[in-house]
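Subject: Handover of a structure and the findings from it

Dear colleague,

Please find below the structure that I am handing over to you.

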Amino acid sequence: MAHMLDAAKNFVAEKIANIKKPEAEFKDIDLKKVSRDSVTLHANVSVTNPYGHSIPICEISYTLKSIDRVIASGTMPDPGSLAENQVTDLVVPVTVPYGILLSLAKDIGSDWDIDYVMEVGLTIDLPLIGNLTLPLSQKGEIKLPTFSDFFA
């Protein structure tokens, strides 16, 4: 009896391991808004849903780091769902206060950009499996606007 139970567990585990899972990738990060007290960035993420039904997104968590310091983090609860058999583009808005940017002045001053690491966790609810988090990470640099950008 124990042998049959072990065989059934192995069969189920193998089937679950071979199930296609949604895939996510960063497209880019854009400087979207500059205000008197902060900068808003949009992290654009593309998610492919291989299933014939929509998948609810439980939450999106994000952390933006520069020089090994967290400069922004947060979560977006219940941001919608992934369309069936399609690629869904998601926008993760990240607001960075100027006070934090001033503390990064050493990095910014040399080339007027922010070297960053953006980490995003996309938690989705898969039937039979439960919650699955797709981790994403991207390194890059964000060019900051100059005074001429405001008056052009």
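Four strands form an open sheet in the order β4-β3-β6-β7, and their pairing is antiparallel. Strands and helices are DSSP runs numbered from the N terminus, a strand being E with at least two residues and a helix being H or I with at least four. Two strands pair if DSSP finds at least two bridges between them. Because β4 and β7 stand at the edges with a single partner strand each, one side of each has no neighbour in the sheet. From one strand to the next, the twist averages 15°; axes here are lines fitted to C-alpha atoms, for helices over the stretch in contact, and angles run from 0 to 180 degrees between N-to-C directions.

Please note that this is a predicted model, in which local features need pLDDT of at least 70 and side-chain atom pairs count only at pLDDT 80 or more, while totals for chains, interfaces and linings use all residues. Residues are numbered from 1 along each chain as its sequence is written, and side-chain values use heavy atoms, with hydrogens and water left out.

Within the sheet, β3 (residues 55-66) is joined to β6 by eight bridges, and leucine 64 stands opposite methionine 118 in β6. Between β6 and β7 there are 14 bridges, and these strands also run antiparallel. Here threonine 123 has threonine 133 of β7 opposite it.

β6 and β7 also form a hairpin with three residues between them, and leucine 128 in the turn has a positive phi of about 70°. Is leucine 128 buried or exposed? Leucine 128 is exposed, because its relative accessible area is 91% and exposed means over 50%, buried under 20% and partly exposed in between (1.4 Å probe, protein chains only). Together with Ile19 and Ile129, Leu128 forms a nonpolar surface patch of about 310 Å² accessible area. Such areas come from the Shrake-Rupley method with a 1.4 Å probe, and for residues only the protein chains shown count as cover.

Aspartate 78, in strand β4 (residues 69-82), has a positive phi of about 45° although it is not a glycine. Asparagine 85, in the loop between β4 and β5 (87-97), likewise is not a glycine and has a positive phi of about 50°. Aspartate 78 is exposed at 61% relative accessible area, and asparagine 85 counts as exposed at 52%.

A colleague

Definitions and conventions:
Patches are made of residues with over 30% relative accessible area and no salt bridge: like charges are joined within 9 Å, nonpolar side chains (Val, Leu, Ile, Met, Phe, Trp, Tyr) within 5 Å. A salt bridge is a side-chain nitrogen of Lys or Arg within 4 Å of a carboxyl oxygen of Asp or Glu.
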